[in-house]
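Subject: Structure for you to look at

Hello,

I am passing on a structure for you to look through. My notes on the salt bridges follow below it.

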Amino acid sequence: MSALVYNFFMNILYKRLKEIRTERGLKLKEVAEQLNVTIRSISRYEEGTREPSVDLIIQFCKFYDVSSDYLLGLTDRY
């Protein structure tokens with residue numbers, strides 16, 4: 001996968017993580033506690049300054065009840 005394509009999908013991931021959290025009225029602290037990570041980590045994932053591991057992406061999907069395809073921008077359906 002080219003760096004351009006990779007960056008495209010990661011940018012969508014960062015945006016969707018924040019969109020989902022704010023649409024559901026969740027605070028960074030609530031998400032961090034559920035995923036057993038720091039508030040700063042969640043903030044960095046949403047800012048795009050840190051990349052979540054595959055395992056953490058799976059945890060995000062389960063917590064938000066969305067597909068990985070949605071988080072990565074492959075579909076617009078949850």
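A salt bridge here is a side-chain nitrogen of Lys or Arg within 4 Å of a carboxyl oxygen of Asp or Glu. Please keep in mind that this is a predicted model. By that rule the count comes to three salt bridges.

The side chains of R16 and D76 form one of them, at 2.6 Å from N to O. R16 belongs to helix 1, while D76 lies in the segment after helix 5 (68-71), so this pair ties together parts that are 60 residues apart in sequence. Helix 1 covers residues 3-23. R16 is at 12%, so it counts as buried, whereas D76 is exposed at 65%. Leaving aside neighbours within four places in sequence, R16 is in contact with Y70, L71, G73, T75 and D76.

Another salt bridge joins the side chains of E46 and R21, with 2.7 Å from N to O. This pair also links distant parts of the chain, as E46 is in helix 3 (residues 39-47) and R21 is in helix 1, 25 residues apart. E46 is buried, with a relative accessible area of 11%. R21 counts as buried too, at 9%.

E47 and R40 also meet through their side chains in a salt bridge, at 3.7 Å from N to O. E47 counts as partly exposed at 47% relative accessibility, and R40 is partly exposed at 43%.

Regards

Key
Residues numbered from 1 in each chain as written. Predicted model: local features only at pLDDT ≥ 70, side-chain atom pairs only at ≥ 80, totals over all residues. Heavy atoms only, no water. Helix = DSSP H or I, 4+ residues; strand = E, 2+ residues; numbered from the N terminus. Contact = heavy atoms within 4.5 Å. Buried < 20%, exposed > 50% of the residue type's maximum accessible area, 1.4 Å probe, protein only.
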